[in-house]
Amino acid sequence: MQAIRSRDTKPERLVRRLVHAHGLRYRVAARPLAGLRRTADIVFRPTKVAVFIDGCYWHGCPDHYVSPRTNPGYWSDKVARNMARDRDTDQQLRDAGWLVLRFWEHTPAEETAAEIIRLVIERRKHGSDESPLT
């Protein structure tokens, strides 16, 4: 378990590099809300955008998740709890005026980065509280 990275995964690094090359600056593995003990992979504080790049196994990707053969009860419950926590995190951030973006690790980095760039720039234009995107 200790070999499993919770941050700086290859998909995250690829997306961050593309977003940074476009001139956007962000926080890495940061808490969007001070009182929320959860971190987003990429956080754009001024525009209130939180980005999560979810691993297919750990977050239950509908296309790629395969129930484990070893100790399936424990691991399936763990993934279900992760999914429930993801939904709770999304709701708490939305209630606080944040735009939550979730992408699967298998989504091409170029597509993910393009969507992040588009939405962050859109929020900058309209202001984070007035954006129709929330």
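Colleague: Which residue just after helix 3 takes a positive phi?

Modeller: This is a predicted model, in which local features need pLDDT of at least 70, side-chain atom pairs count only at pLDDT 80 or more, and totals for chains, interfaces and linings use all residues. Residues are numbered from 1 along each chain as its sequence is written, and side-chain values use heavy atoms, with hydrogens and water left out. Helices (H or I, at least four residues) and strands (E, at least two) are DSSP runs, numbered from the N terminus. Just after helix 3, a positive phi of about 85° is taken by Gly127.

Colleague: How far does helix 3 reach from its first C-alpha to its last?

Modeller: Helix 3 has 18 residues. The expected span of a helix is 1.5 Å times one less than its number of residues, which here gives 26 Å. The reach of helix 3 in the model is close to that expectation, at 26 Å.

Colleague: Is Glu12 buried or exposed?

Modeller: Glu12 is found in helix 1. Beyond its neighbours within four places in sequence, Glu12 is in contact (heavy atoms within 4.5 Å) with Ser6, Arg7, Asp41 and Ile53. Its relative accessibility is 3%, so Glu12 counts as buried.

Colleague: Which residue of strand 4 is tied to Asp90 of helix 2?

Modeller: A salt bridge is a side-chain nitrogen of Lys or Arg within 4 Å of a carboxyl oxygen of Asp or Glu. A second bridge, at 2.8 Å, N to O, pairs Asp90 with Arg102. This pair ties together parts 12 residues apart in sequence, because Asp90 lies in helix 2 and strand 4 holds Arg102.

Colleague: Which residue forms a salt bridge with Arg38?

Modeller: Arg38 counts as partly exposed because its relative accessibility is 23%. The closest N and O atoms of the bridge are 2.7 Å apart, and the partner of Arg38 is Asp88.

Terms used:
Buried < 20%, exposed > 50% of the residue type's maximum accessible area, 1.4 Å probe, protein only.
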